[in-house]
Amino acid sequence: MGKYETPMLDELEKGPWPSFVTELKKATKVSPMADDELGQLEKSFQTKRGYWKHGGIVGVLGYGGGVIGRYSSIPDEFPGVAHFHTVRINQTSGFFYTAEALRMICDIWDKYGSGLTNMHGSTGDLVLLGTTTENLEAIFAEYSSRGWDLGSSGSAMRTPSCCVGMGRCEWACIDTMDFTYHITQHFQDEMHRPAYPYKFKIKTAGCACDCVAAIARADLSIIGTWKDKIRIDQAEVKNYADKGMDIQGEIIDLCPTECMVYDGGEIKINDVECNRCMHCIAKMTKALRPGLDKGATILVGAKAPIVVGSLLSWVLIPFIKMDPPYEEITEKIEAIIEWWDDTAKPRERIGELIEVKGMRPLLEAADIPPVPQQVKEPRKDPFFFWAESDFDK
Ligand code: SF4
Ligand code: SF4
């Protein structure tokens, strides 16, 4: 039992689901910081006010990001959280850890911080919650000497993240973990030394199920897909029917492009019309599989509603091969970022910039051909401005 009464937070422990309050209370047994964190949070619930002061530049030598300064605005009342900085650790690709690695992370964190963690932040980093300015260099030295690195924060390339991909999932059309490791290494400088107009997030999903929610969150979404035909095992189709699946109702009628037919015996797909949404494959796992000519669709522009409204990604490159050493995709990403970096106002995400300028300048700068798949919505503007160079083609 901690030193504070927490009647309002106690309400959040009721019900059958896990509670962060229960976990906080456990941490108070070993961490005075966690105790004061609990006390301040209860006060916030009682008074309906937040007591965190954001900001102040804190960090470690040679890095411009990775630590987010956080201070209590009532340190006399809760001295344990006078400083409560967040340390971001670059997560493993696909979030795979050994128990030994997790123990190492937690042991170091218990030594220098509150012991509280957030697995994982929405960018993807492994987030360590609550330490003091004096401890930062020591924390960084211990983690980096064991092979860990800080993640990213601020106006920088944010720590790239991905779904588990080929590590566990039969639907992965690309090696999400290998690519994420590659792109993380490639953009090390841009991650640790913020020099962009604002944040830039890259997320990679192995298929359109998009388990990493790239389409809703990443400035650049890389989604595995295929070009050829969905592989069909008609014997397994029959098995599903024999076991009582309503193939017409559950699969055919829900295909968004209406490109499937079922004659009571076999499924046929007009693959030219299929938009690779994964619905049928995810429902009939034994009968249907992605094609074999695999690569990725690149989408651009998502963001959460921090400055202005939220945006979902839309297609920029319908299909690109994703084989190591990833030269073509890496060059395209660099060109896309360069255009945004040169053109955007401070705190303008690439999706917002495209809404202002249109796709054309980005396509020209990154040498990406215009294709129908890039059309996000019907034109509202009746005028079209031709460039002199359009007549040379
Ligand atoms: Fe599997 Fe696709 Fe989810 Fe990745 S996004 S884990 S490939 S279902
Ligand atoms: Fe239809 Fe989607 Fe299956 Fe393609 S993947 S056939 S669009 S349900």
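Cys-255 counts as buried, because its relative accessibility is 10% and buried means under 20% relative accessible area, exposed over 50%, partly exposed in between (1.4 Å probe, protein chains only). Cys-280 is also buried, at a relative accessible area of 9%. A disulfide is a covalent bond between the sulfur atoms of two cysteines. Here it is taken as a pair of cysteine sulfur atoms within 2.5 Å. By this rule there are 0 disulfides.

This is a predicted model, in which local features need pLDDT of at least 70 and side-chain atom pairs count only at pLDDT 80 or more, while totals for chains, interfaces and linings use all residues. Residues are numbered from 1 along each chain as its sequence is written, chains are lettered from A and ligands numbered from 1 in the order in which they are written, and side-chain values use heavy atoms, with hydrogens and water left out.

Next comes an open sheet. Its 4 strands run in the order E2-E4-E6-E5, with antiparallel pairing. E2 and strand E5 (113-119) are the edges; each has a single partner strand, so one side of each lacks a neighbour in the sheet. Strands (E, at least two residues) and helices (H or I, at least four) are DSSP runs, numbered from the N terminus. Two strands pair if DSSP finds at least two bridges between them. E4 and E6 share 4 bridges, in the antiparallel sense. Val-127 in E6 is the bridge partner of Arg-88.

Where does helix H5 pack? The buried residues of H5 pack against strand E2 (67-68), strand E4 (86-89), helix H4 (99-112) and strand E6 (126-131). H5 spans residues 136-145, and its buried residues are Leu-136, Ile-139, Phe-140, Glu-142 and Tyr-143. They line one face of the helix, because seen down the axis of H5 they fall within an arc of 165°, taken from the directions from the helix axis to the C-beta atoms. Just after H5, Gly-147 has a positive phi of about 95°.

Asn-90 sits in the loop between E4 and H4. Asn-90 is buried, with 13% relative accessible area. Beyond neighbours within four places in sequence, Asn-90 is in contact with residues including Asp-125, Trp-148, Thr-184 and Met-191. Contact means heavy atoms within 4.5 Å.

Now follow strand E9, residues 220-226. Of its 7 residues, 7 are buried. Leu-220, Ile-222, Gly-224 and Trp-226 lie on one side, and Ser-221, Ile-223 and Thr-225 on the other. In a regular strand the side chains alternate between the two faces of the sheet. E9 pairs with strand E8 (residues 202-205) in the parallel sense over 4 bridges. Thr-204 stands opposite Ile-222 there. Strand E14 (residues 294-300) runs antiparallel to E9 and is joined to it by 7 bridges. In E14, Thr-297 stands opposite Ile-223.

Ile-202 belongs to E8. Ile-202 is buried, at 1% relative accessibility. Leaving aside neighbours within four places in sequence, its contacts include Met-157, Ile-183, Leu-220, Ile-222 and Ile-333. Glu-355 is 153 residues away along the chain, and the C-alpha atoms of Ile-202 and Glu-355 are 19 Å apart.
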